[in-house]
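User: I would like to go through a structure with you, starting with strand pairing and then turning to charged contacts. Could you open it?

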Amino acid sequence: MDDFRLLGPLEAVVDGSPVQLAAAKPRALLALLLLHRNRVVATERLIDELWGDDPPARATKTLQVYVSQLRKALGPDRLVTRPPGYLLRVEEGELDLDRFEQLTTDARKRLAAGDAPAARDELRAALQLWRGPPETTAARLEELRAAAHEDWLHASLESGDAAGVIPQLEELVASQPLRDRPRELLMLALYRSGRQADALDLFRRTRELFVDELGIEPGPALRELEQAMLRQDTDLRLAPVLREPAAAAPPAPRRRRVWLLAAAVVVLAAAGITGAALLARDGNGKNSSPPPTQSNTELRSFVNTVENFLAQSHEGRVEVMRVLAGAFDCSLSPQVAAAQLDGVQENRQSLLEQLAALHVPDGEVPLRAANLLQQASHASIAADWIYRNWLRGRTACVRGSKPPAAARRADARATELKARFLTVFDPLARRFGKQIWRADQF
């Protein structure tokens with residue numbers, strides 16, 4: 001099969017041999033015909049593309065000479081004259097651009113269908129077809145490449161790698177400051193990494209730049225994203241891995257008391273904790289569900305707010321684990337790892353402020369859940385500070401080292417508190433159809 005390559009320096013292989021085209025104009029002509037493969041391109045358009053507003057007096061004759069050179073190199077049946085111009089025949093699979101476009105089209109369908117990991121892999125394969133900057137018609141091809149790169153970042157973000165794509169998105173925003181989509185993706189990546197304040201600050205700076213440089217407001221997608229963040233819209237969050245209870249679908253409302261008790265037993269059994277009935281009844285055998293006078297709306301709002309907090313906290317936990325893993329496998333120096341932990345902790349301050357301002361409805365269960373969440377959050381952050389301080393005192397790779405005993409004790413304490421919080425909160429989350437969490441997820 002013959003092979004034509006536009007995604008980088010122009011190359012053509014015919015009958016197994018590279019085609020030698022040294023002159024710039026015949027190469028540019030081949031690139032134009034490849035871009036419009038299997039379609040007639042008018043002579044006037046080719047002249048405009050090759051020479052712009054200043055064509056030579058014998059432009060048509062010169063173009064015919066170039067066509068003759070291409071026919072000699074590619075074969076007489078490949079490039080045909082067809083009024084009002086010329087047509088280059090390219091079979092399926094012969095052009096790298098075709099393969100690129102097929103991969104990106106398939107990937108976007110997968111992404112739209114919710115299969116982000118598969119979309120990410122296909123987009124990676126598409127981008128690997130590029131061998132460098134395109135030689136000709138660079139603007140059109142570079143736009144295709146830029147869009148595919150942004151799609152790959154989007155698919156990676158939707159696959160759960162929010163923290164991992166932030167450096168690339170920051171570089172992209174810096175290199176293309178007036179392009180909307182990289183800023184939109186960076187805002188979302190920051191938000192999902194527990195950096196809500198940074199995400200909103202990016203929108204503020206984006207608005208200032210667009211108004212100053214272009215005299216316009218940011219586009220509707222950016223504006224809606226900012227509003228969704230201010231609402232703490234749960235649709236912005238990735239669904240964490242669910243811990244499915246080994247129980248049937250929720251029963252009818254008239255059996256809610258029985259279902260709550262059964263669900264609590266399942267949760268506690270999975271966590272290795274006894275005394276499950278305490279979640280459904282207090283020590284006197286009374287139902288500990290919210291009293292009838294409590295507003296269901298208030299309780300639902302409380303659960304939604306806590307769910308949003310846990311989702312943001314989850315991204316911070318993922319980042320902490322990534323940094324610590326990097327320190328222990330020596331891909332990060334102790335000082336770099338400590339500095340990155342500092343960054344995570346700074347971004348957690350907005351989370352702690354949200355937690356401090358949490359409105360807790362009346363009722364023993366929500367009050368106990370809020371109290372345990374406060375304790376668990378502070379214990380978890382305190383453990384991370386111990387790791388940070390320990391790393392600051394190291395000068396070489398910590399591979400093979402044991403974490404300080406104080407950090408291990410703090411971790412155990414935080415995990416215990418998180419498990420206790422979840423035994424109280426998970427039945428509430430399930431009651432309103434929300435996500436169920438594990439202690440190692442936030």
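Predicted model: local features only at pLDDT ≥ 70, side-chain atom pairs only at ≥ 80, totals over all residues.

User: Let's start with the strands. Which strand does β4 pair with, and in which sense?

Analyst: Strand β4 (residues 40-42) pairs with strand β6 (residues 85-88) in the antiparallel sense, over three bridges. In this pairing, alanine 42 stands opposite glycine 85 of β6.

User: And how many bridges join β5 to β6?

Analyst: Four bridges join β5 (residues 79-82) to β6, and the two strands run antiparallel. Valine 80 stands opposite leucine 87 in β6.

User: How many residues lie between β5 and β6 in the hairpin?

Analyst: Two residues lie between β5 and β6 in that hairpin.

User: Changing topic: how many salt bridges are found in the whole structure?

Analyst: The search finds 32 salt bridges. One of them is formed by the side chains of glutamate 135 and arginine 27, at 2.6 Å from N to O. This pair links distant parts of the chain, 108 residues apart: glutamate 135 is in the loop between α5 (116-127) and α6 (138-158), and arginine 27 is in helix α1 (residues 24-35).

User: Is arginine 27 buried or exposed?

Analyst: Arginine 27 is buried, because its relative accessible area of 17% is under the 20% cut-off.

User: Which residues do shared partners join into one network?

Analyst: Salt bridges that share partners join Asp3, Arg5, Glu11, Asp96, Arg99 and Arg131 into one network.

User: What about arginine 110: which residue does it form a salt bridge with?

Analyst: Arginine 110 forms a salt bridge with aspartate 115, and their closest N and O atoms are 3.9 Å apart. Arginine 110 is partly exposed at 36% relative accessible area, and aspartate 115 is partly exposed at 33%.

User: Lastly, which residues make the nonpolar surface patch of about 250 Å²?

Analyst: Leu178, Leu214 and Ile216 make that patch. Leucine 214 belongs to helix α9 (residues 196-214) and counts as partly exposed, with 43% relative accessibility.

Key: Residues numbered from 1 in each chain as written. Heavy atoms only, no water. Pairing = 2+ DSSP bridges. Patch = residues over 30% accessible without salt bridge, like charges linked within 9 Å, V, L, I, M, F, W, Y side chains within 5 Å. Areas by Shrake-Rupley, 256 points an atom, 1.4 Å probe, with all protein chains shown as cover. Salt bridge = Lys/Arg side-chain N within 4 Å of Asp/Glu carboxyl O. Buried < 20%, exposed > 50% of the residue type's maximum accessible area, 1.4 Å probe, protein only.
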